[in-house]
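Please walk me through this fold, one element at a time.

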Amino acid sequence: MSKIISKEELFNLVRKANGLRGRQVITEYWSDSGDDWIFGSNAKGGYGESLTYHYATDKDLLKDIAPEYTSITQVGFNAWELK
């Protein structure tokens, strides 16, 4: 079974998994040498810093947002396939 999700859906899943509420939203994503997925938000931490959410691997991300799937693959500019 597979499912195609949009960037908006991906951001909403990460938002929900990390307990963001109200006007707090995920605003962007990127990766670096340490983490495959880093999501930026407009939420602020205790010292006024913008909160980010890090996932080292696809498996780590899926464990939080869609545990019934085992892989996530980008299939378009703003679309991913969950399998």
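Which residues of α1 are buried? In this predicted model, they are Leu-10, Phe-11 and Val-14. Viewed down the axis of α1, these buried residues fall within an arc of 95°, so they line one face of the helix. The face turned away from that buried side carries Glu-8 and Lys-16, both exposed. After α1 comes Gly-19, with a positive phi near 75°.

Now take the sheet built from β1, β6 and β5. It is open, its three strands follow the order β1-β6-β5, and the pairing is antiparallel. The edges are β1 (3-6) and β5 (72-76), each of which pairs on one side only. On average, neighbouring strands here are turned by 35° against each other, direction ignored. α1 packs on this sheet and touches β1, β5 and β6. The direction of α1 makes about 85° with that of β1. Four bridges link β1 and β6 in the antiparallel sense. Look at Ser-6: it stands opposite Ala-79 in β6.

The other sheet to trace holds β2, β3 and β4. It too is described as open, with three strands in the order β2-β3-β4 and antiparallel pairing. β2 (26-30) and β4 stand at the edges with a single partner strand each, so one side of each has no neighbour in the sheet. Neighbouring strands are turned by 25° against each other on average, direction ignored. β3 and β4 run antiparallel and are joined by five bridges. Gly-40 stands opposite Thr-52 in β4. α1 also lies across β2, β3 and β4. Here α1 runs at about 105° to β2.

Which residues does Val-14 contact, leaving aside its neighbours within four places in sequence? They are Ile-26, Phe-39, Tyr-55, Leu-61 and Ile-65.

Technical notes
Residues numbered from 1 in each chain as written. Predicted model: local features only at pLDDT ≥ 70, side-chain atom pairs only at ≥ 80, totals over all residues. Heavy atoms only, no water. Contact = heavy atoms within 4.5 Å. Pairing = 2+ DSSP bridges. Helix = DSSP H or I, 4+ residues; strand = E, 2+ residues; numbered from the N terminus. Axes fitted to C-alpha atoms, helices over the stretch in contact; angles between N-to-C directions. Buried < 20%, exposed > 50% of the residue type's maximum accessible area, 1.4 Å probe, protein only. Arc of directions from axis to C-beta.
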